[in-house]
Amino acid sequence: MARITRRSVLLSASAFALAPHVARAADADAVRFGVLYPNLTTVIHAIAKKTGAYEKHNIKVVETRFKSGQTVEGVEQLWRGNLDFYMGGAPEVPRLNSRLIESGGQPALAVVSGANPGHTSLVLSNKLQPKTIDEILKQPLRIAVSSLSSVHLAFFRGYLRSEKKLELDSIGWKFLGIDAGNMLPALLTGQIDGFLHSEPTTTLAIVNNAGHLFMQAARGDMGPNPPPATFMSSRRDYLKQKPEIAKRFMRAIFDANEAYAKAPAEMASLVAEWSGQEEKIVAAAQERMNPITSLNQEQAQKWWDFIGSTMVERGELSPKLKPFPDVFDLSLQPL
Amino acid sequence: MDARTPFDEQATARDEDIAGNDAKLNAYGRAKRRRERIRKIFRGAAGVATVLLIWQVMAVAYNLQQILPPPLSVARTIFNTLTLNYEQRWLYGPNIYEHLLSSFTRAITGFSIAAAVAIPLGLFVGRFRTVREYVDPVIRSLYPIPGIAWIPLAILWFGLGNTAVIFVVFIAEFFPLYFNSEAGARNINPILIDAARCFGAKRLTLLRRVILPASIPYIITGMRIGLGGAWRMIVAGEMLASQSGIGSILMESRYQFRATDLMMAMILISVVGYITERLIVGTLEKKTTEKWEVKIL
């Protein structure tokens, strides 16, 4: 009969203590990823999950969902070290980096990719049927935006400056900060004359005959080659400490890009499921959305020239903040 | 001829002694009260100073400027904002006074409507058991619904803007005002009512001379709770359903990661709320409770 010796007890205890670590070595690397949900702009993550892109690159995504319109919460969590990547609205990351630079620190976050170029739509009430925007710029219209810091308002400001040589303050419109969910009822009840927002709010307004699409940035109505409206961001210290995992994560995203590009129509049901919209709404919205997540130097510079520089002039960003390297880090693409 | 007897002189001397003693006692009492007031102010100031010191040390030592701006930065921001001499670009539309005025108007309108409805209803329900048995279940079933839960419905009913926020303030303030008025009216000593009736007091006289003065301490307490709640509610309402007011500054400063502006807005709410409470409830208290010398036993 086997005797219980001191050595066997110590060996068993060591094996017991080490077992989870040995087992974990073979596990996929975890990436804590924050996304807006339900949302159309972050659908690339749903595609990566569905197509097995994360597993292919040995990544286990620990997903944290943030309510649409709450990008600021996601960026805060990324900055506090509770996330490794975050995908959502665009201006919050430069804003946070700007605050850090103003207080004598270093920019903590980096925009590593982008999606949905030109995702800004100007929807007007059916009562307003102008032929050109010049007809209505001086009218006292009430235009809803999700907040006065909205990326769509920043985009529109950039459009006015670069294409119309006008400042936002010089036009007659009044911008009202309204939650996206309230834009449609507000438009239907005549409380607003239009809104500047993205999908699916635009399609919902069109489908419900609450308003009509007057301008759409993606089709070039607000200038050529519109910049991305959604950013994928990470922490700089994370990118430095775990560059291999970050690269594999981004490769999985690029695989999902390819999957979407091959058959966007086939993705409608998945997009509908992720965004919480009906499939017919998604099918109608798809022509105005482009979830493919990538960003090159030219697009990043365009974002800065169009949106970033106007944010600097408005005082939202510090003049000390430079697009490269304080905002963008494009080292993860192309891979 | 001097008609004063030795007894009179003794009495006068005694009276003078008493008066002198009273004067001494009064002077002693005044000095004591002054000492107590100074001690109270000193202790209060010491408490505030300690908190500010810990706050400053923590913010600087742990480099927390982005999440806990030091009190000196916040104080500087408040001063600059109030003097309209902004250190950073002002991103919140109209100046701070217009925002404060918007919030103040909404808070006072919602509170006044709530007071105008809840106090008479509370007094009425408190005095009539039959009415109470009908009304109480309805009010008690609505009471647990938090004011903030009414915001989506308020937006649906009244649209975005002043009315929705005022409605939410009204709903939130109705209950403390109602319950306190009702309790005040219900707890009046029946002897007071009977005595007034014996002197021929009819309904209106009874209300004006007995019920209202006897309930006023409760009503004042309800108003004090209600006005504080109005400020809490106004901020929540403006964060979700308004483009102006101190709540909208709070929301926008968060989007801009400007923690100093956020704390400035919070401190201004506290100061304005305190001043409003002192001005409105304090004045009302002086004109009623203190004048009629009534108190909750």
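Where does A:Asn58 lie in chain A? I started my notebook with that one. A:Asn58 sits in the loop that joins helix H3 (53–56) to strand E2 (59–66) of chain A. A caution to myself: this is a predicted model.

**Backbone angles**

I looked up phi for A:Asn58 and got a value near 55 degrees, which is positive in a residue other than glycine. Next I checked how open the spot is. A:Asn58 is partly exposed, with a relative accessible area of 36%.

Then I went to A:Asn116. Its phi is positive too, at about 55 degrees, and A:Asn116 is not a glycine. A:Asn116 belongs to strand E4 (residues 109–117) of chain A. Is A:Asn116 buried or exposed? I found A:Asn116 buried, with a relative accessible area of 0%. The cut-off for buried is under 20%, so A:Asn116 counts as buried at 0%.

**Peptide bonds**

I moved on to the peptide bonds, keeping in mind that most of them are trans. Which kind of bond runs from A:Glu199 to A:Pro200? That one is cis, with omega near 5 degrees. I placed A:Pro200 in the loop between strand E8 (194–197) and helix H8 (201–207) of chain A.

I also looked at the bond from A:Phe324 to A:Pro325, and noted it as cis, with omega near 10 degrees. Where is A:Pro325? I found A:Pro325 in helix H14 of chain A, which covers residues 323–327.

Conventions
Residues are numbered from 1 along each chain as its sequence is written. Chains are lettered from A and ligands numbered from 1 in the order in which they are written. This is a predicted model: local features need pLDDT of at least 70, side-chain atom pairs count only at pLDDT 80 or more; totals for chains, interfaces and linings use all residues. Side-chain values use heavy atoms; hydrogens and water are left out. Helices (H or I, at least four residues) and strands (E, at least two) are DSSP runs, numbered from the N terminus. Buried means under 20% relative accessible area, exposed over 50%, partly exposed in between (1.4 Å probe, protein chains only).
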